[in-house]
Amino acid sequence: MIERWNRDQVLALAPDASSQKAAQGVSSPGKWSGTGVTDDALWGECKGSGSKPYRACVDLSEPAYRCTCPSRKFPCKHALGLLLLWSAGGVPDAGEPADWVGEWLDGRRDRAAKAVDRAAEAGQARAAKAESGPADGRRAAQREQRVTAGLADLERWLGDQIRQGIAGSRRHDQWDELAKRLIDAQAPGVAGTVSRLGTVLDGDDWPARLLGEYALLHLLCVAHRTLPERVAGAGAEAGGAPAGLLERARDRIGFPVTKEEVLAGETVRDRWDVLGRRDETHDRLIARRVWLRGRASGRAALVLSFAPTGQALDASLVTGTTVDAELAFYPGSAPLRAVVAARHEAVPAGPPPGTAVDRALDEVAAALAGDPWLDSWPVVLEGVTPAGDGMRILAGPSGGLPLHPSAGTPWRLIATSGGRPLTVAAEWTPRGLRPLTTWDEEGRVIIL
Amino acid sequence: MSGTAEWEDLVSTALVGTDRRPLPGQAEPETEVLARAAVQTLRIRAGRRPVPVAEPPAAAAPEEQSVVSRAAADRLARILGGEQPRMLDEWLRAAAGRGYRLAPHLLPELLDRAAKDRSIRPHLGVLAGHRGRWLAGLNPAWAFLLEEVTAAAVTGFGDGEEVWQLGTPGDRRAYLAALRASDPAGARELLAATWEKEAPDDREAFLKVLADGLSLADEPFLEAALDDRRVEIRGEAAYLLSRLPESRFGLRMAERVAKFLPAGDGKIQATAPTECDTAMRRDGVRAKAQYGMGERGWWLQQIVARTPLGVWSGLYGRPPHEIIRMPVVDWRDEVVAGWIRAAMVQGDREWARELFLLKPAADLLAVLPREERETVATEFVRRHGGRNARYGRLSDYLTGVAAPWGPGLAQAVLEAILDISNSTQSWYIGDLIKLAGERVDPGLHAMAERFSLEPPVQEVAALLRFRNDMLKELQ
């Protein structure tokens, strides 16, 4: 039996704040009839404005949603309202799903099975045409040339900045032109990094932060220019550090990796704790980061999804739950980004195992060795207490880690702790931790 | 050179530029600066060690109260999130009344609310538990919590003497009220002993406690309180004294009534005072008129409002129901408003009943005993509640009828809601729906659901069901 999600977990699935509000409006028992829940399905009929009620159901193991309402929001307010009602204990257990629910579930599972077959076939087909056609080869070679030229341009530009001095660089518009050139050079990853440089300008320490960012961009140019030769020269050791680092560098530059390539690579099956998520809007595109850690493997993972503002984001990973799943990691050293290759089921589990503060820093250091451009890594800290000036340090027996300036005073975390140590999941960043989630004394997940 | 010094040196070089500050012995100093800066940046990121932390604050004391259930905490989060926001007060009241404490993660949001909304602070005093007080010690914006009543006031005091000497203002008030209920004279003497040293806010709050169990024995203490520095305290003392007709205060007010409101020709020959003298001010009459009122009328109204109602029958030789119908020369509105205020403050049921027939006002209903109040209100709703309402908004009158409303009143109100919703006046039905949802006994939700399928009635039913479930979770 799946553990009921709490209210915060359900609301975290909503695509936006107005959906959260609308869902609360349809979460009262009076609006629903014919509700029921089994191990993995939840359903009900909701009175709408028309004569026929809307039928909503949720496959709790994924989760996946379906509703007969015409809303373009996903999940819609009815699916969320139904989840809220369930979360509040308002849905009775049932032995079997209602007929219309069963049909949908069967249809979904058929399609899922076919999709797996198709992916396998596609993988084989791709392997077969590994030596791709001449047109593909020409396009790829062209892209290599453009990127090489673009990065050479960037390297020169960086050199010019340091020669002339960055004292006059506290201007937000100075990178626009450069970022555009990098887009044209088909290096969207670097272009994104350059276009976000303005964020380092707000603090008093901006010269140091800007120099650090310039240095890492320069390092990326150097990696792209020199690593291929070293990888080729390493011969038998081609699978070693330089090869992995080159893949990581190409990923940061923005060479595309297809989902099929990812699925064909390394997969890890584990019970993954969903630690938390962060949505960021950039150029009318929302990027959703969901952080995971594997119970047995101890691996960290990041599942990234995108949607234009106002459109539905992937809501299938619910913060505070634990899922038995296979994750396929993107290639390269210090692998972090992953896609869900196969989901088995949600498993009830309490707070995830954590590590001490110094161990978490060791892990970050190891990850930085594989990916020098890393600026974010999920950690689970065990036995830490908010402390220090302004309660902005998570302190353990071996010392403390400061929070990111944007975290403010984490009152919810402080209140949950009461001055006693607890387990906290957080996102490590070079400027400090961003708290994601904690667990209270009863083991209930608290989203921070 | 140490790593930190090298990094600072690199930043200085980058700021002015290698054209002006070249690195010695380097053909491409800018490349060298970028390469070294990359090494230093990664050294700093990867080499970070845990920072030493000063002694963390002492942990919060273990709790004695039991925490609200998960379902109850989730419902509170829903209310805070905007679903049925008006139910917040009832949730907090019910949970505090049963001596629960809140789940800790909800405390910051509620403390923030209470910082802006004083009315929920007393509930929070109980619900916050030790954790809430520990948090209030960390955040000056929440320090108000330390003044509030604690759970001890709900679960019973151990050593009363200690509470009175050392407790929070809220606890001291609760202790005084408990003592007043069992030993009125003892409570007054306890208060009198420290009266001069109490803060003005506390004096005002403590004085209100004496309303319960009031007797002529309190008169000397209250008469002395009329000389207090604070106007609110003088006013409160005056209202308490107006309930004691034999008091010196009562006699002074009777003299004023005889002077300004003599009877003649079967009429009340009213003249308003031309000045608000020191003696009147001492007896709680405020000189400054309320906005939009003439000063003289305001003074006259206050004299009427502060006069023991028993004075009138003695002066005119008539029962209340005749007095209120006597013609008043010139100042009728002020006199009637004064009587209404007096009936409310003095809790005089007979006057309240008669005045309501003359001029229905919510405050008058509040004076009547529960059963009679329901009967009067039901009667009023049946006669005036529908679309032909003579008195404007029904909800304005029913605010004086405290929860819970029984089946008779509930049905009358639902009928009125149905009737209004089918008329052209349906625009003002919202307030009535909300009030009914908040006041009707939530146990009647099934009755309301069956009453009619019309949306306004179903809306009331949904509110009742929400409250019914809410109170069940707090059992």
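Me: Which residue of β14(A) does A426(A) stand opposite?

Reply: A426(A) stands opposite P435(A) in β14(A). This is a predicted model, in which local features need pLDDT of at least 70 and side-chain atom pairs count only at pLDDT 80 or more, while totals for chains, interfaces and linings use all residues. Residues are numbered from 1 along each chain as its sequence is written, and chains are lettered from A and ligands numbered from 1 in the order in which they are written.

Me: What makes β13 and β14 of chain A a pair?

Reply: Two strands pair if DSSP finds at least two bridges between them. Strand β13 (residues 422–429) and strand β14 (residues 432–439) of chain A have six bridges, in the antiparallel sense, so they meet the definition. A strand here is a DSSP run of E with at least two residues, a helix is a run of H or I with at least four, and both are numbered from the N terminus.

Me: Why are β12 and β15 of chain A called edge strands?

Reply: The open sheet has six strands in the order β12-β11-β10-β13-β14-β15 (chain A), with antiparallel pairing. β12 (399–402) and β15 (445–447) each pair on one side only. The twist averages 45° from one strand to the next. Helix α11 (residues 357–370) of chain A lies across β10 (377–387), β11 (393–396), β12 and β13, running at about 155° to β10(A). Such angles run from 0 to 180 degrees between N-to-C directions, with axes fitted to C-alpha atoms, for helices over the stretch in contact.

Me: Why is one side of β1 and of β4 of chain A left without a neighbour in the sheet?

Reply: Four strands form this open sheet in the order β1-β2-β3-β4 (chain A), with antiparallel pairing. β1 (32–37) and β4 (64–67) stand at the edges and have a single partner strand each, so each has one side without a neighbour. Neighbouring strands are turned by 10° against each other on average, direction ignored. Strand β3 (residues 54–59) of chain A pairs with β4(A) over four bridges, and in that pair A56(A) stands opposite C67(A). Helix α3 (residues 77–87) of chain A packs on the sheet and touches β1, β2 (41–46), β3 and β4; its direction makes about 65° with that of β3(A).

Me: How do you know that chain A is as compact as a globular protein of that length?

Reply: The globule rule is 2.2 Å times the number of residues to the power 0.38, and the radius of gyration is taken over C-alpha atoms. For 448 residues the rule gives 22 Å; chain A has 24 Å, close to that value, so it is as compact as a globular protein of that length. Its C-alpha atoms fill a box of roughly 70 × 60 × 45 Å along the principal axes. The secondary structure of chain A comes to 12 helices and 15 strands.

Me: Why is L190(B) called buried?

Reply: A residue is buried if 20 or more other C-beta atoms, placed from the backbone, lie within 10 Å of its own; 12 or fewer make it exposed, and values in between partly exposed. L190(B) has 20, so it counts as buried. L190(B) lies in helix α11 (residues 184–194) of chain B.

Me: Which residues is L190(B) in contact with, leaving aside neighbours within four places in sequence?

Reply: They are W164(B), L176(B) and L179(B). Contact requires C-beta atoms, placed from the backbone, within 7 Å. The axes of helix α10 (residues 169–182) of chain B and α11(B) come within 5 Å and cross at roughly 145°. L176(B), L179(B) and R180(B) of α10(B) meet P184(B), G186(B), A187(B), L190(B) and L191(B) of α11(B).

Me: What classes of residue make up the contact of α10(B) with α11(B)?

Reply: There are six nonpolar, one polar and one charged. Ala, Val, Leu, Ile, Met, Phe, Trp, Tyr, Cys and Pro count as nonpolar, Asp, Glu, Lys and Arg as charged, and the others, Gly among them, as polar.

Me: How many residues of chain B are in contact with chain A?

Reply: 51 residues of chain B are in contact with 55 residues of chain A. The largest share of the chain B side, 10 residues, comes from α2(B). By class, that side divides into 32 nonpolar, seven polar and 12 charged residues.

Me: Which residues of α7(B) are buried?

Reply: G129(B), R131(B), G132(B), W134(B), L135(B) and A136(B) are buried. The buried residues of α7(B) pack against α12 (411–417) of chain A together with α5 and α6 (121–127) of chain B.

Terms used: Two residues are in contact if their C-beta atoms, placed from the backbone, lie within 7 Å.
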